[in-house]
Amino acid sequence: GSSLTFDGSNLSVSGKITASNLNGLAFRATSSGNTSASQNTWTKLAADTKTFDTNTNYNASTYRFTPPIAGYYLIHCNVWFADPNVTTDQVNIQIRKNGNTVAINQQPMNDSAGMTLTLTKIVYFNGTTDYIDFTIYQASGASVNILASNGTWFSAALLTNGANITSVTAGSGLTGGGTSGAVTVSLSSSISVTQISASTYV
């Protein structure tokens, strides 16, 4: 239940707050058209079309996902390559966190048909500056198309976090609150202790 405690100098509030829950935080993005991947170069996957983005944390211009709360996220990437017409050398996809590789999948070239690479990993994010993007590498001797449609996408979803209260708002007669760090809620200077009633705050 709700409670209000005042010890003469500090006011403690339980239950008289508002909170937002981001446990459903997730996104999925695809490419609106084919992407040409040059040989011997890491090319960023241009997933510029959102299938969904529950909290608008995916940037369809920079192709980055920057989650707003700390926790562990399930990251998934799927890339559909056109037929490279060679059997030598390799093709790679990688998940990058803050520009550094955290997972990579490498396969030999296939000249009989197109090929698909997929990559999944659980990654921790700090909820402020950490971000992910995806890059592609191929060494066929010429450019290779990354095919659009449902064969190429990447996604992320929050699995677990330390807490799901992301904001505290002071109720009537209170001041303070906040959206990050240690938060304090205090008795408004216009309210005396004798004015506090159970029907108002409990």
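The side chain of S32 makes a polar contact of 2.8 Å with the side chain of D48, a polar contact being a pair of N or O atoms within 3.5 Å of which, within protein, one must be able to donate a hydrogen and the other to accept it, with residues adjacent in sequence counted only if both atoms are side-chain atoms. The structure is a predicted model, in which local features need pLDDT of at least 70 and side-chain atom pairs count only at pLDDT 80 or more, whereas totals for chains, interfaces and linings use all residues. Residues are numbered from 1 along each chain as its sequence is written, and side-chain values use heavy atoms, with hydrogens and water left out.

S32 is found in the loop between β3 (26-30) and β4 (35-37), where strands (E, at least two residues) and helices (H or I, at least four residues) are DSSP runs numbered from the N terminus. S32 counts as exposed because its relative accessibility is 56%; the classes are buried for under 20% relative accessible area, exposed for over 50% and partly exposed in between, computed with a 1.4 Å probe and protein chains only. When residues up to four places away in sequence are not counted, S32 touches D48, T49 and A148, contact meaning heavy atoms within 4.5 Å. The C-alpha atoms of S32 and S149 are separated by 7.3 Å, although these residues lie 117 residues apart along the chain.

For the chain as a whole, 1 helix and 18 strands are assigned, and buried residues make up 38% of its 202 residues. Of the contacts with a separation of 6 or more, 69% are accounted for by residues 24 or more positions apart. The accessible surface comes to about 10200 Å², of which 48% belongs to carbon and sulfur atoms; accessible areas come from the Shrake-Rupley method with a 1.4 Å probe, and for residues only the protein chains shown count as cover.

Strand β13 (132-138) is mostly covered, with 7 of its 7 residues buried. In a regular strand the side chains alternate between the two faces of the sheet. β13 pairs with β10 in the antiparallel sense over 7 bridges, two strands being taken as paired if DSSP finds at least two bridges between them; R96 stands opposite D133 in β13. Strand β5 (residues 43-44) also runs antiparallel to β13, to which 2 bridges join it, and here T43 stands opposite I136.

Q90 lies in strand β10, which comprises residues 90-97. The side chain of Q90 is joined to that of Q106 by a polar contact of 2.7 Å, and Q90 touches Q106, Q107, P108, M109, Y137, Q138 and A139, not counting residues up to four places away in sequence. The C-alpha atoms of Q90 and P108 are 4.4 Å apart, with the two residues 18 apart in sequence.

The loop between β12 (115-125) and β13 holds D130, which counts as buried because its relative accessibility is 8%. The side chain of D130 is joined to the side chain of N98 by a polar contact of 2.8 Å, and a polar atom of the D130 side chain also lies 2.8 Å from the backbone nitrogen of N126. Beyond four places in sequence, the residues touched by D130 are F65, T66, P67, K97, N98, Y124 and F125.

Y124 is also one of the residues of a nonpolar surface patch, formed together with Y72, L74, I122 and L159, with about 470 Å² of accessible area together. Patches are made of residues with over 30% relative accessible area and no salt bridge, nonpolar side chains (Val, Leu, Ile, Met, Phe, Trp, Tyr) being joined within 5 Å and like charges within 9 Å; a salt bridge is a side-chain nitrogen of Lys or Arg within 4 Å of a carboxyl oxygen of Asp or Glu. L74, placed in strand β9, counts as partly exposed because its relative accessibility is 35%.

A further sheet, open and of 3 strands, has the order β16-β17-β18 with antiparallel pairing. Its edge strands are β16 (168-169) and β18 (185-187), each of which pairs on one side only. Strand β17 (residues 174-178) pairs with β18 in the antiparallel sense over 3 bridges, and G176 stands opposite V185 in β18.
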